[in-house]
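Subject: Structure handover

Hello,

Please find the structure below. My notes on it come after.

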Amino acid sequence: AGALTSFRTPLLESDDMVVVGMAIRAYSPADHAFLRFMDIGGNTLLTVEMTGDSDTIAFNVRLGSITGMVIGTFSMAASLTDRQYLEFKVIAADDPDGYWEARINGSTIAYGEDVQTTSGATAIRKVIFGLQDDGASGDIMIDDLYIINSLGSVNNDFLGDIVVETINPDTDGDLLEWTPSSGLDLSNMIDDGIPDDDTTYL
């Protein structure tokens, strides 16, 4: 980190609730927008600002943009070596129907209920993560990321501390509908521990 580095989700299904989870290691971040929840027009509904020092990472939950009113705060220990799992949930609504909650390692550390949590629309369609402001600095590492909404009957609320693992194929299955770049062994074409670009492929 230490430079302007951020990424955004593709367009999400329309819903007023979103939960994001991530393993995080952070140290001495300067004030900047760390999470932004946006509507379909690109307007920021809610921002989670990150600040802190070598001991503590503090988060300000702001209505609208980085300059919006602070509606809540929470914090975690600063560390580049100790993995902590941060989850943040927001239900975008006007007062008194809005709600937000922050969890660290599966435990609720702060929440706000019966509050306004949107500066406009109630459908969250995009989320932006990372260092998002000119001059942003600090060391931040993110891993094991998920983002979900309330739609569907499973995976529609906090998932807890998760680990995203890569599982490479080790044998062909019963359904063989792809053409390997060479030979007849399909799984061998895509079992790279380190990707070999277009040397082997289906």
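Predicted model: local features only at pLDDT ≥ 70, side-chain atom pairs only at ≥ 80, totals over all residues.

Residues are numbered from 1 along each chain as its sequence is written, and side-chain values use heavy atoms, leaving out hydrogens and water.

Strands (E) are DSSP runs of at least two residues, numbered from the N terminus. Two of them pair if DSSP finds at least two bridges between them.

Open sheet. Five strands lie in the order E9-E8-E7-E2-E11, with antiparallel pairing. E9 (107-115) and E11 (139-149) are at the edges with a single partner strand each, so one side of each has no neighbour in the sheet. E2 and E11 are joined antiparallel over nine bridges, and alanine 26 is opposite isoleucine 140 of E11.

Strand E3. In E3 (residues 32-38), six of the seven residues are buried, meaning under 20% relative accessible area (1.4 Å probe, protein chains only). E3 pairs antiparallel with E4 (residues 44-52) over six bridges. The two form a hairpin with five residues between them, and glycine 42 in the turn has a positive phi of about 85°. E3 also pairs antiparallel with E10 (residues 126-130), over four bridges; there leucine 35 is opposite phenylalanine 129.

Surface. Tyrosine 27 belongs to E2 (residues 17-27).

Regards

Technical notes
Buried < 20%, exposed > 50% of the residue type's maximum accessible area, 1.4 Å probe, protein only.
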